[in-house]
Amino acid sequence: MNFRIKKKKCVVALLGIYLVMSCVKDKNFEAPKTNCSSDLSANMTIGELKGLYVDELLQIQEDWIIEGYVISSDLAGNFFGTLHIQDNLTNPTQGLQMEIDLRDSHLFYEMGSKILVKTKGLYLGMSKGAIKLGSVFSAFGNLSVGRLPAAVVGEHLFSSCDSTGSLQPKNVGINQLDDSMISTLVQFSNMEISVDELRQTFAVKEEETIRTLTNCEDLELELLNSGYSDFQASLMPEGNGTITGVLIKDNKDYQLVIRDPSDIVFTAIRCEDLVDEFTSSKIFISELADPDNNAGARFVELYNSDSQWLSLKGWTLRRYTNDNTEVSSIIDLSGFVIEGNSTFVISPNASEFELVYGFPPSQSVSTNSPADSNGDDNLELVDPFGTVIDSFGVVGEDGSGTNHEFEDGRALRSINVTEANPKYAFNEWIIYNDSGQGGTLNQPQNAPEDFNPGIR
């Protein structure tokens, strides 16, 4: 991301008795042609173009043309030297960052307008995890994508004769972000500025500045602001609400860049003024899995029998290994919600889980966690206030050979159970294992055929 540095070069010349002062932003500046083009048509999508990039800088030699809708603007100075386009006005599937050395680009490519890009001769590369299109420059002997000179921008970028459309940002959650959303217009709800940064300005003067956005589930997202923007000295808004902007990436971290302060609508009260931690007896453990044929396909399933969703902020799942009376491992469920009449599946091996069962788990955790039990351990579901809401097994008793052993098998909560039970009750469970002790069923279970995670 590049930001604008406002400079003017003034030349004073004395000609005879006349004093002439001339000021321009860039002596080499040449505006691109603004006439729309009706004889160009796209023969490649943004996604197909980005798919050509494989680990090294690529100069495009073919006559490929892409089209996209402009979603960024340098009008307020928070963008400079970049143009972000996406493949649709609504529900985009891909976006692209273009590097152009053109001041006041909003005058030629306004937000919502469709443009066509002749890519022949341009370079496709990656910087900080984002694929970019532009010219090329050398830094310390390494070639990278750089800004396309203003004089040749008009040879590659063409405004479509289609009228400007209405952009609709895609509503997403922080934990839903992926690289396909880079350089697309997104909107987040239930957001606010971190309490530590309230009453601070958007940016430090003449410095690129990161501020922190957070939601009521304590998930965070970086807000990137320019120290040269028109609103640099304005105070960050208080309150809670929606924020819209262009998603970018800085190596592993996603960042949001607003076009101007109107992208922020914080009119609701802040999270700390809300009661956002709740308990419920309607959430309980509904299935435990230790497949005989694949330890990587283990999982724990929770179920919410209420019709209303519930935030899992502050909730934990605890494991007591074998006959231990002290907690062996914990899963923090904060940052997730469990929908009404829905399941929530936790896996210690997300890739293997998806390979076996055909869909990703709700939460991915580490091995040796409560979701990775080998069938003789005890579990507790604990609410934000430290109260045990639901249990499986008896803490202090090794499950081997008891009525709470599910080794090489499965522990399935009876379908007529609709509320949690803080004390283990064998009559609430159907338990399969490799021993058949204590009234359990000696029927080892194999994945995927003997399991149905996500279905209650």
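## A charge over a ring

Arginine 456 sits over the face of tyrosine 303, 5.4 Å from the ring centre. The model is a predicted one.

## Aromatic pairs

There are 12 aromatic pairs in the structure. One of them joins phenylalanine 353 and phenylalanine 359: the ring centres are 5.3 Å apart and the planes stand at 90 degrees, so this pair is edge-to-face. The cut-off for that label is over 60 degrees.

The two partners can be described by their accessibility. Phenylalanine 353 is buried, because its relative accessibility is 0%. Phenylalanine 359 has a relative accessible area of 28%, so phenylalanine 359 counts as partly exposed. Buried requires under 20%.

Phenylalanine 392 belongs to strand β29 (residues 388-392), and tryptophan 429 belongs to strand β31 (residues 429-433). The pair therefore ties together parts that are 37 residues apart in sequence. Both phenylalanine 392 and tryptophan 429 are buried.

## An aromatic cluster

Phe353 and Phe359 also belong to one aromatic cluster. Its members are Phe299, Phe353, Tyr357, Phe359 and Phe451.

## Histidine 404

Histidine 404 lies in the loop between β29 and β30 (410-413). Its relative accessible area is 0%, so histidine 404 is buried. The side chain of histidine 404 makes a polar contact of 3.4 Å with the side chain of asparagine 378.

Which residues does histidine 404 contact, leaving aside its neighbours within four places in sequence? Asn378 is one of them, and Phe392 is another.

## The largest pocket

The volume of the largest pocket is about 650 Å³. Its lining is made up of 30 residues. Nearest the centre of the largest pocket are Asn215, Glu217, Gly335, Phe336 and Val337.

Which strands each supply at least two residues of this lining? They are β14 (185-193), β25 (337-338) and β26 (342-347). The largest share comes from β14, with 5 residues.

Technical notes: Residues numbered from 1 in each chain as written. Predicted model: local features only at pLDDT ≥ 70, side-chain atom pairs only at ≥ 80, totals over all residues. Heavy atoms only, no water. Phe/Tyr/Trp six-rings, centres within 6.5 Å; stacked < 30°, edge-to-face > 60°. Buried < 20%, exposed > 50% of the residue type's maximum accessible area, 1.4 Å probe, protein only. Helix = DSSP H or I, 4+ residues; strand = E, 2+ residues; numbered from the N terminus. Lys NZ or Arg CZ within 6 Å of the ring centre and 35° of its normal. Polar contact = N/O pair within 3.5 Å; in protein donor to acceptor, adjacent residues only side chain to side chain. Contact = heavy atoms within 4.5 Å. 1 Å grid on protein atoms, 1.4 Å probe; cavity = no way out; pocket = protein on both sides within 12 Å on 5 of 7 lines; lining within 4 Å. Points joined across faces, edges and corners; volume = space filled by probe spheres on them.
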